[in-house]
Amino acid sequence: MELLSIDFLGQPLRIEGSMAGWQQLFWNNTLVSQLNANTDHNDKHLHEFELTNGDEIIKCSVEVNLSWQPFLVEYKATVNDQLVADGSRNEKDIEQQTPQVAPKAERRFSLIGLASLGMKALKSAKLIKVVLASASLAAYSWLFSIQFALALLACLVFHEYGHIRAMKYFGMKTKGIYLIPFLGGLALSDEKINTRWQDVVISIMGPLFGLIMSIACVIAYWVTGNMFFAGLAVFNALLNLFNLLPILPLDGGHVLKSISFSMNSKVGIALCLSAAIGGVVLSYTLGLTLFGFLLIMGCVEILFEWKHRHQSHLLPLDRYGQIFSFAWYVGLVSSLIGIIWYFASTGDELLRLPMQILGT
């Protein structure tokens with residue numbers, strides 16, 4: 001990830017680095033210094049290089065004092081032993097920066113990934129939004145009633161609006177919401193995120209807004225006794241619960257990937273796997289067979305990618321961020337399952353369907 005970008009002798013100076021200890025220093029987009037990863041690295045890093053101006057040799061150095069937990073970069077740049085630049089950068093500075101080299105998108109073959117790619121090509125056309133929304137309405141009306149389909153689309157829009165609000169909170173420009181038949185929706189932005197915390201918040205705010213919508217429907221059901229609100233509450237909870245599955249590119253996959261990839265030791269991944277195994281055991285104990293199976297698949301995917309975590313440009317979560325994000329995720333999952341379980345206990349066949357799906 002990009003740790004530092006300043007002007008140095010009239011040209012841009014940039015430092016790329018990772019938690020593994022490696023750093024690369026670029027001056028005028030040319031690599032002039034490199035520190036390799038090692039197990040004994042400390043917080044202090046010194047880059048030394050020489051530049052030539054005709055017959056004159058200019059000795060340059062950049063001293064970097066780097067702390068990951070919490071994140072802080074303090075730097076001093078000298079030319080011929082004379083200080084020319086110094087300062088510091090924290091997590092807020094990283095959130096607002098625009099990386100010099102845009103990260104390559106991960107290649108994933110999935111229906112949602114293909115749909116996202118198609119949307120990026122057509123996202124400026126408002127007609128596409130109308131067509132997709134109409135197709136979604138027709139699809140859900142075929143499965144349910146027109147009234148329920150309209151309400152379900154409202155829930156999907158509210159979910160995606162949660163993502164939009166989070167993007168705007170971080171100052172990102174958004175391109176709106178696209179509804180995709182049978183796949184839910186997409187909230188799109190042109191801008192790249194810079195930190196794992198941004199990834200967590202943007203990903204989890206959709207299901208959080210979905211939970212709020214389900215709770216509102218539960219209250220409406222208690223007040224009116226209308227089964228329409230009960231059905232909407234439970235099916236909306238099911239949709240948001242599936243969104244929290246730890247499978248990329250779903251929201252849950254982004255959350256758990258950000259947590260596990262922010263851990264800089266084998267102890268960290270061991271704790272993550274222990275929690276995942278506990279979730280699998282609990283899922284099968286409660287009869288949530290499908291949820292437990294997909295949890296296993298998601299954790300295996302994250303485990304295979306974990307060794308490449310240092311190649312990411314994203315600033316990792318600190319310890320507080322890891323704990324808070326995990327508690328937030330578990331709380332959301334538990335709340336949504338609680339709503340599904342509550343209505344399954346009513347004995348109504350339709351309201352039991354989401355629990356039966358989870359137990360498949």
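This is a predicted model: local features need pLDDT of at least 70, side-chain atom pairs count only at pLDDT 80 or more; totals for chains, interfaces and linings use all residues.
Residues 200-222 are 100% helix and 0% strand, with 33 Å between the end C-alpha atoms.

The largest nonpolar core contains 48 residues. Ile 202, Tyr 329, Ile 340 and Phe 343 have the most contacts inside that core. Two or more residues come from each of helix 4 (146-169), helix 5 (196-224), helix 6 (227-243), helix 7 (251-261), helix 10 (319-344) and helix 11 (349-358). Which helix gives the most to this core? Helix 5 does, with eleven residues.

Take Tyr 329 as an example. Leaving out residues up to four places away in sequence, Tyr 329 touches Ile 204, Leu 244, Leu 245, Pro 246, Gly 252, Val 255 and Leu 256. There is also a second, separate core, of 26 residues, and Met 19, Leu 25, Val 64 and Ile 94 are among them.

Now the surface. A nonpolar patch there is formed by Ile 215, Ile 219, Trp 222, Val 223 and Tyr 342, and together they have about 530 Å² of accessible area. Helix 5 supplies the largest share of the patch, four residues. Ile 219 lies in helix 5. Is Ile 219 buried, exposed or partly exposed? Its relative accessible area is 43%, so Ile 219 counts as partly exposed.

Notes:
Residues are numbered from 1 along each chain as its sequence is written. Side-chain values use heavy atoms; hydrogens and water are left out. A nonpolar core is a set of buried Ala, Val, Leu, Ile, Met, Phe, Trp, Tyr and Cys residues joined through side-chain atoms within 4.5 Å. Buried means under 20% relative accessible area, exposed over 50%, partly exposed in between (1.4 Å probe, protein chains only). Contact means heavy atoms within 4.5 Å. Patches are made of residues with over 30% relative accessible area and no salt bridge: like charges are joined within 9 Å, nonpolar side chains (Val, Leu, Ile, Met, Phe, Trp, Tyr) within 5 Å. Accessible areas come from the Shrake-Rupley method with a 1.4 Å probe; for residues, only the protein chains shown count as cover. A salt bridge is a side-chain nitrogen of Lys or Arg within 4 Å of a carboxyl oxygen of Asp or Glu.
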